[in-house]
Amino acid sequence: MQQMGAAKVFFLSQRIPISSLLGFTKEGILVIADDGRIIQVNERFCRMFDQDVTSITGISYLMLPAEILSAFHFDTYFNSDTEFEHTAVVTFNKYDWRRFFKVKYIKTVFDDGRTGLTVIVEDVTLETEMEERLRISEARYRGIVEDQTELICRYGMDGTLSFANGAFCRLFQMNLGETLHHSLFDFIKPDAASKIIASMRACSPLSPVFESEFEFNLPSGRSRWYHWVSRMLTDECGEILEFQGVGRDITERKTAERELLIKSHAMDSSIVPIALLSLEGSISYVNRAFLDLWEYQSHDEVRGLSFDHLVSGFDTSIAKVLSDSLMSEDKGGFSFEVEGIKKDGTQINLSVTISGVYDPDNHPVCFITYLYDVTRWVKLVRELEIKDTAIANSYEGMAIITPDDVVMYANPSYKRIFSRVPEGTLIGRTIEWNLSFYPRIIGTMPDVRAALNERGNYTRVFSDFDENGAPLVVQVHLSRVFDRSGIHLCTLISALDITSQRSMEESLALMINQLEGTVDQMGDPTFIVSSDQMVVAWNDAMETLTGHSKREAIGTRNYQDLLNKSVPSLPILVDLFDLTPKELIQVFPKVSKVGNSFYTEAFIQTFHGGDRTYVWVKASPISDAEGRVIGHIQTIKNMTNWKRAVESVAPKTVT
C-alpha cells in the first residue's frame, strides 16, 4: 500500500521465493506436496537427520528412513483436515544417541493452488534435557523434603503458608491445599507468635537466620515442642520474599529437661535428707534438709567431708561399705542404722539407705544416700500405738464401715452404747441391720446416705432407748475416708453417749443465771461465752491466771485480747466451733474433737504465779432444752503432775 494524497493505492507485494529463505533459518524445513513428494528441504533439516538434499528432493516422504517416519508420523498430519497447524515434541533415536525436536506441522497452499504440508523442525534436545534434569532434580528435592521427619514450610511476614512438606501436613492432619489456607501462627500460642514476629522483623541480609523454641497445638488437643530455624528469603534487590522454617521435634528433650529440673528441685526441696557421695565416701552434694538435720548453715561446711565424720557407732568405714557395695551383684542398695552426731554434738539415731548411681555403661558414678531420723520415727510409732490403744479404750464409741456398709471394726465403747444389738452379731453385719434395733435412728438412714454422698460427713444427735428402756441420747458423726486417688476406703462412725451430758446441759441452760456462781466455785480456770461471743462467766481461777477481773471480762467480747496479752500460749477453743472438720484438721491439727467438745494440750510458761505448766484444755457447747446452742464453756486444767507421773513410770528406750 502506498499513500497518494487522500487515496491509498495497493500493489502486488514483492515476493521472495521460500527457497531463498530456507538457508537462513536455524530450523529444519521440509515441504511436501499433496502427492507426497518432497519438493523443498533445507540444509539444516538434512544435517539434523544425516540426509543429502539432492537425494531426498523429489522423492516421496514414505521413502525417508524408518526412524524419521516413526518419529514424525507425516501421514497423520498430512491427511488431517481438522487442524491448520499443529505442534508436537518428538523423540528421535538413532545409533546410541537420542535427540528431541519441536515440530510444527503447517497445512500449505502453493502458488499453483495445490496443497501440501510444511514441516518446521527445531532441535530442542538441550532445552528438553535441561528441563528433564530440572524435573528430576525437583522430584528428588521434593522427595527429600517430603521424606524429612522435620517440618518444612515457607510463610510470609503475616505467617500465611505458601508451602508445607508432608511431615507438616501429617502433623496437623491436613493436605497441602488445606494447609495453604492457614497461617503458621494459627498453630502456636500467641506469646510464641509475638516472639517469632519480632525476630522476623529484626532479620536483615547480614543476619537472615534466627532460632526459636515453642509448642505446636495439635488437632488432638495435645501439644509438642519444636526447635524452629527460620531463614529469610530475599529477591535480587534484597527485598523480603518470605521465610523458610525448619522444625525439629524436641518434645522428648523438653520432657527430659523438665523431668531433670523437677528431680533436681525435688531433691533440693525434699524433706528427706539426701547426700551424694563420691566413690571414696566423701560428700559432694547435700540438700537443704540434710543441712537442717545436722544443723549446718551452708554446703561448704560439709562438702568434701567423709561421711564417717558425721556418724558414730559404725564398725567399719563408709569407704569399705561402699567398696563392698560396688563388688556386690545386687545393685538395689543397702540400709543400715547408725548414730549421727550433729554440729553441736547432739546424738540422733539414723536409718541410712545407700544405693549406687550408674552411667549407661553400668559404670558407677557416685552414691546417693538417704537419711531418716529413727528417733523421731520411733516416737511416732509409739504415739501411734498409744492412739490405737486409746481408740480401743476410748469412752467414745468408734466403728469402721466398709464401702459396702458392713461393720468391720467396733471398739468396746461402741458396743456398750449400742447394747441392744445382740452380742457377737455386730461385726460382719450391715450397718442397717445393727441400727434396726433402734427405730428412731434407722429411720434417718436415707438422710445419712444423702449427706454422705453430698458432703462426705454427717453429724446428728439421736434420742432412743437403751436395752433397759431408759432414755438414750447419742451424738453420732459419720465421715467417709478416701485415698489419694479418691477411692472410698471406709466410713468412720463415732458415737458418744451424751445422755447425762444432755441432761446436765439442759439443766445448765435452765439455770443460766446461777451459772456464774457455780463457775466461780470451780478450782480450774473456766470462762463461758454466749452464742454472740460475749463473756457471761469468768471465775476466780481465770482472774488469777490472766490478771483480769470479772468486771473487765464479763459483758465484753474482747476475751481473745485479754487472753493473748496475759497468757499468749493458751489455746482458745471456744472460737473453733464454726470451723468445718476439714478446716479444723488443717489449721489446728493438735486439737481433737470428741462428741461436741474440743480437747487439746498446751505448755504455758506462767500459770498461777509463774509456774511452767502443762494444761489440758476443753471447750464444749451449752445447749438449751431444745438442743440449740446458747453458748460455749472452756476449762483449763493443770496436768503437770499427771505428766510427770506418766514420764516417771514410762519405760526408757535404749538406742
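Ala, Val, Leu, Ile, Met, Phe, Trp, Tyr, Cys and Pro count here as nonpolar, Asp, Glu, Lys and Arg as charged, and the others, Gly among them, as polar. With these classes, the lining of the second largest pocket holds 9 nonpolar, 11 polar and 5 charged residues. A pocket is an open set of points on a 1 Å grid over the protein atoms alone, with protein on both sides within 12 Å along at least five of seven lines; lining residues have an atom within 4 Å of a point.

The model is predicted: local features need pLDDT of at least 70, side-chain atom pairs count only at pLDDT 80 or more, and totals for chains, interfaces and linings use all residues. Residues are numbered from 1 along each chain as its sequence is written, and side-chain values use heavy atoms, without hydrogens and water.

The second largest pocket has a volume of about 510 Å³. A volume is the space filled by probe spheres set on the points, which are joined across faces, edges and corners. Of its 25 lining residues, Phe577, Lys593, Asn596, Pro621 and Val629 are the closest to the centre. β21 gives the most to this lining, with 4 residues. Helices (H or I, at least four residues) and strands (E, at least two) are DSSP runs, numbered from the N terminus.

Now look for a cavity, a set of points where a 1.4 Å probe fits but cannot get out. The count comes to 1 cavity of 30 Å³ or more. The largest cavity has a volume of about 100 Å³. Its lining has 11 nonpolar, 1 polar and no charged residues. Phe418, Leu435 and Val476 are among them. α15 (431-435), α17 (445-455) and β22 each supply at least two lining residues.
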